[in-house]
Amino acid sequence: MSIEIPIIDAHGHFGRHMKGPLNRLEDYQNESPKSVMHSVISPGPTPLYVRPGDDRLYVPARWIRNSTDGTFKYVQQYWDSKSLDVLEEHASSINPYMETNNYWLNRAEETNNTHSNHNVIHIMPIHHPILDTVDEVKRLLYDSRTIALKVHGAACAVAPNDIKPEVIDLLKSANKPIIVHTDYNVQEPQTNLQYIYRMNDPRKWVEWAKTTGIKTLITHAARLSQEAISAAKGCDNIVFGYGPDLLIMAEQDRLFKKTDNLMLDFFKLILPEQSDQIVFDFDFGWNTKTGRDWEKRDWSMPERSIEAVESLGYDRKIVSKILYNNAARFFDIG
């Protein structure tokens, strides 16, 4: 199927992630559909990279949960680049993502200035609600290159109420959105990670967005929570992404309902009444064809989105909203 409708990719990641893929900007540009006009990208949820002058891998912040009292601590680590053994560990410092955020803001600016034949890359810095200072958030939000903030609750071990009131005020004054990871676990949590999944229940993030009025992109099809989607009805500040649908569908225990076609079931929950609240996102490089095989990326989401919308009896006006118009309005781009 030929895609003539322009696309805004509203959410993805660049760089290496501690337990995930290596997402190269060059791979994204070479592989993503030519109809993608704008891309909104953040550094990996738990960045892993080599610092200048050091051949070890560096993790600026990862969480450790005390299962006895439920408290968290955050550590920075250096790993052996070949064995991946931890060589050194210290308490994380404030503003742990400053280095990687600055790198990608500069890299995107350089790319946009020198590669006019490619789509425009917009960076959403990652924000650590516990470790970031208000001054650092202010610096990022008032940087003209910043399009939004990304909070990855599972990577940072945070919940909606961990976002400081001062940060909420800054988001309002800068008039920039926040993109949040959502998750779930069907069974009562048995592990620390499952506990954190429950902390990032989409219903909690929708309630936070309704209470604060912050423009919020709820990711991962709200884990197919009918309650979360319905609660956002009529809220102009809330939109939902639904990528990477194939990977999400491969992990059914993190969904509110089982599905054989996550994209179609998501559209059934939200269309047509909330057609203005859907944005398209690949979630590069989690956009895999089969589970967590990071080398086999799926780029067929636009075609499958069109097929799903039309199979439900809706026309290309709905498709245009999903693939481009809603995100253009939400991010004020295009």
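Analyst: A residue is called buried under 20% relative accessible area, exposed over 50% and partly exposed in between, computed with a 1.4 Å probe on protein chains only. Two notes before we start. This is a predicted model, where local features need pLDDT of at least 70 and side-chain atom pairs count only at pLDDT 80 or more, while totals for chains, interfaces and linings use all residues. Residues are numbered from 1 along each chain as its sequence is written, and side-chain values use heavy atoms, with hydrogens and water left out.

User: Thanks! How do I read an aromatic pair, and how many does the structure hold?

Analyst: Take the rings of Phe, Tyr and Trp (for Trp, its six-membered ring): they pair if their centres lie within 6.5 Å, and the planes make the pair stacked under 30 degrees apart, edge-to-face over 60 and tilted for the rest. The structure holds 20 such pairs. One of them is stacked: Y184 and F256, at 3.8 Å centre to centre with 15 degrees between the planes. Y184 belongs to the loop between β10 (178-180) and α6 (192-199), and F256 to the loop between α9 and α10, so this pair ties together parts 72 residues apart in sequence. Helices (H or I, at least four residues) and strands (E, at least two) are DSSP runs, numbered from the N terminus.

User: Are Y184 and F256 buried or partly exposed?

Analyst: Y184 counts as buried at 14% relative accessibility, whereas F256 counts as partly exposed at 26%. For another geometry, look at F280 and F282: their ring centres are 4.8 Å apart and their planes at 85 degrees, so they make an edge-to-face pair. F280 is buried at 0%, and F282 is buried at 0% too. Both belong to one aromatic cluster, which also includes F14, Y28 and W299.

User: Which charged residues sit over a ring?

Analyst: The test is that NZ of Lys or CZ of Arg is within 6 Å of the ring centre and within 35 degrees of the ring normal. R51 lies over the face of Y58, 4.2 Å from the ring centre. The charged end of K215 is placed over the ring of F330, at 5.8 Å from its centre.

User: Next, a helix. Which residues of α11 are buried?

Analyst: The general idea: an α-helix has 3.6 residues a turn, so residues three or four places apart point the same way. In α11 (301-311), the buried residues are M301, P302, S305, I306, A308 and V309. These cover an arc of only 165 degrees around the axis (taken from the directions from the helix axis to the C-beta atoms), which puts them on the same side of α11. They pack, by contact (heavy atoms within 4.5 Å), against β1 (7-16), α9 (245-249), α10 (262-270) and α12 (316-331). Just after the helix, G313 takes a positive phi of about 90 degrees.

User: What does the side chain of T219 meet?

Analyst: A polar contact is a pair of N or O atoms within 3.5 Å; within protein, one must be able to donate a hydrogen and the other to accept it, and residues adjacent in sequence count only if both atoms are side-chain atoms. A polar atom of the T219 side chain lies 2.7 Å from the backbone oxygen of V180. T219 is found in the loop between β11 (216-218) and α8 (226-231), and is buried with a relative accessible area of 1%. For a contact between two side chains, see E251 and R292, joined at 2.8 Å. E251 is buried as well, with a relative accessible area of 16%.
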